[in-house]
Amino acid sequence: MNPSVHKTLVVELQAGVTDRFPVLAHLSYDPADPFAVTLVFSHDGRILARWQLDRGMLADGLTRPVGIGDVRLRPESGGVGRELRMEFLGEPHADGGRHHAVVFAWAGVVGDFLSRTFRSVPSGSEETRLDDFLAEVLAGR
């Protein structure tokens, strides 16, 4: 059995145009769901948001802009080093706008995490249990 991979790191949530403040990001990878990385943001013990990202998209976002929907990723060169810029679009506001968050993480740390996931389940060897998934869907779970 391939082991799960976890990493907790401090990322920066952009507030306004330039201000950033630190929050925790908990990355997790379960080989039972080999295409997904779960990302949970928390601050002061409260969960702020939970997203499931495509593992390949996350890896691609370290080297080039990806995403056209609710999640957009791209590399950026900060003053100190390379960062991964993650933009998330959430639920609509009453005024018709949408919740919007921009988070910056150190690209090297995310890359190290992804390397561990690819050692657990190499790219191209992912398997999905479609019959099990369909049985769960049909059972209403």
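Predicted model: local features only at pLDDT ≥ 70, side-chain atom pairs only at ≥ 80, totals over all residues.
Reader: What makes up the protein in terms of helices and strands?
Author: The protein has three helices and seven strands. Helices (H or I, at least four residues) and strands (E, at least two) are DSSP runs, numbered from the N terminus. In that direction the order of elements is β-β-β-β-α-β-β-β-α-α. The C-alpha trace spans about 45 × 40 × 30 Å along its principal axes.

Reader: Why is the pair of phenylalanine 41 and phenylalanine 88 called edge-to-face?
Author: Rings of Phe, Tyr and Trp (its six-membered ring) pair if their centres lie within 6.5 Å; planes under 30 degrees apart count as stacked, over 60 as edge-to-face and the rest as tilted. The search of the whole structure finds two aromatic pairs. In the pair of phenylalanine 41 and phenylalanine 88, the distance is 5.7 Å centre to centre and the angle between the planes is 70°, hence the name edge-to-face. This pair links distant parts of the chain, 47 residues apart: phenylalanine 41 belongs to strand β3 (residues 36-43) and phenylalanine 88 to strand β6 (residues 82-92).

Reader: Why is the pair of tryptophan 51 and phenylalanine 88 called tilted?
Author: The ring centres of tryptophan 51 and phenylalanine 88 are 4.9 Å apart and their planes stand at 40°, so this pair falls in the tilted class. It too links distant parts of the chain, with tryptophan 51 in strand β4 (residues 46-54) and phenylalanine 88 in strand β6, 37 residues apart. Phe41, Trp51 and Phe88 form one aromatic cluster.

Reader: How do you know whether phenylalanine 88 is buried or exposed?
Author: Buried means under 20% relative accessible area, exposed over 50%, and partly exposed in between (1.4 Å probe, protein chains only). Phenylalanine 88 has a relative accessible area of 3%, so phenylalanine 88 is buried. Phenylalanine 41 is buried as well. Of the 141 residues of the protein, 33% count as buried.

Reader: What makes the space lined by Leu9, Val11 and Ala25, among others, a cavity?
Author: On a 1 Å grid over the protein atoms alone, a cavity is a set of points where a 1.4 Å probe fits but cannot get out, and a pocket is an open set with protein on both sides within 12 Å along at least five of seven lines; lining residues have an atom within 4 Å of a point. Grid points are joined across faces, edges and corners, and a volume is the space filled by probe spheres set on the points. There is one cavity of 30 Å³ or more, and the volume of the largest cavity is about 50 Å³. Its lining includes Leu9, Val11, Ala25, Phe41 and Met86, and β1, β2 (19-29) and β3 each supply at least two of the lining residues.

Reader: How is the lining of the largest cavity classed?
Author: Ala, Val, Leu, Ile, Met, Phe, Trp, Tyr, Cys and Pro count as nonpolar, Asp, Glu, Lys and Arg as charged, and the others, Gly among them, as polar. By class, the largest cavity is lined by 10 nonpolar, no polar and no charged residues.

Reader: What lines the second largest pocket?
Author: The second largest pocket holds about 290 Å³ of space. Of its 15 lining residues, the closest to its centre are Leu48, Ala49, Trp51, His100 and Ala101. The largest share of the lining, four residues, comes from β7. The lining divides into 11 nonpolar, four polar and no charged residues.

Reader: Why is threonine 117 called buried?
Author: Threonine 117, in helix α2 (residues 107-120), has a relative accessible area of 0% and is therefore buried. Contact means heavy atoms within 4.5 Å. Leaving aside its neighbours within four places in sequence, threonine 117 is in contact with Val5, Tyr29 and Arg55.

Reader: Why does aspartate 44 count as exposed?
Author: Aspartate 44 lies in the loop between β3 and β4. Its relative accessibility is 69%, so aspartate 44 counts as exposed. Its phi is near 55°, a positive value in a residue other than glycine.

How values were computed
Residues numbered from 1 in each chain as written. Heavy atoms only, no water.
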